[in-house]
Amino acid sequence: MRPDLGTRIEIRLSRLDQARAPADMAVPGFTIHHLRGSPIRYSVQANGPGCLTFEWEAGDALRIDLEQYH
């Protein structure tokens with residue numbers, strides 16, 4: 001893994017750990033949006049095609065994954 005990507009992921013995971021709702025991830029550079037389907041998952045851009053995806057339940061992020069869309 002590229003060192004800069006690791007840093008970007010750590011920053012996003014730290015913010016996700018502090019978040020009280022998915023909307024707390026709406027900060028410049030994170031590009032958050034919800035994905036289609038059920039259960040509802042959210043995506044936060046880590047780099048180009050790499051995104052952290054997660055579900056939200058009872059105030060916590062669950063099933064967090066690093067995915068590439070392209």
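**Core and aromatic rings in a predicted model**

The protein in this predicted model averages a pLDDT of 90, and 94% of the residues score at least 70.

Me: Where is confidence lowest, and where is it highest?
Reply: Lowest in helix H1, residues 3–18, at a mean of 90. Highest in strand E3, residues 50–57, at 94.

Me: OK, the core. Which residues make up the largest nonpolar one?
Reply: There are 7: Leu-16, Ala-19, Met-25, Phe-30, Tyr-42, Val-44 and Phe-54.

Me: What does Met-25 touch, leaving out residues up to four places away in sequence?
Reply: Its contacts include Leu-16, Ala-19, Phe-30, Val-44 and Phe-54. Met-25 also touches Arg-12, Arg-15 and Ile-32.

Me: Switching to rings. How many aromatic pairs in the whole structure?
Reply: A search finds 2. One of them is Tyr-42 with Phe-54, centres 5.5 Å apart.

Me: Why does the Tyr-42 and Phe-54 pair count as stacked?
Reply: Their planes sit at 25°. Stacked needs under 30 degrees, so the pair qualifies.

Me: Which strands do Tyr-42 and Phe-54 lie in?
Reply: Tyr-42 is in strand E2, residues 41–47, and Phe-54 is in strand E3. The pair therefore ties together parts 12 residues apart in sequence.

Me: And Phe-54 with Trp-56, what are the distance and angle?
Reply: Centre to centre, 6.3 Å, with 70° between the planes. That pair is edge-to-face.

Me: Which residues form the aromatic cluster?
Reply: Tyr-42, Phe-54 and Trp-56 form one cluster.

Me: Is Phe-54 buried or exposed?
Reply: Buried. Its relative accessible area is 1%, and the cut-off for buried is under 20%, so Phe-54 qualifies.

Notes. Residues are numbered from 1 along each chain as its sequence is written. This is a predicted model: local features need pLDDT of at least 70, side-chain atom pairs count only at pLDDT 80 or more; totals for chains, interfaces and linings use all residues. Side-chain values use heavy atoms; hydrogens and water are left out. A nonpolar core is a set of buried Ala, Val, Leu, Ile, Met, Phe, Trp, Tyr and Cys residues joined through side-chain atoms within 4.5 Å. Buried means under 20% relative accessible area, exposed over 50%, partly exposed in between (1.4 Å probe, protein chains only). Contact means heavy atoms within 4.5 Å. pLDDT is the predictor's confidence in each residue, from 0 to 100. Helices (H or I, at least four residues) and strands (E, at least two) are DSSP runs, numbered from the N terminus. Rings of Phe, Tyr and Trp (its six-membered ring) pair if their centres lie within 6.5 Å; planes under 30 degrees apart count as stacked, over 60 as edge-to-face and the rest as tilted.
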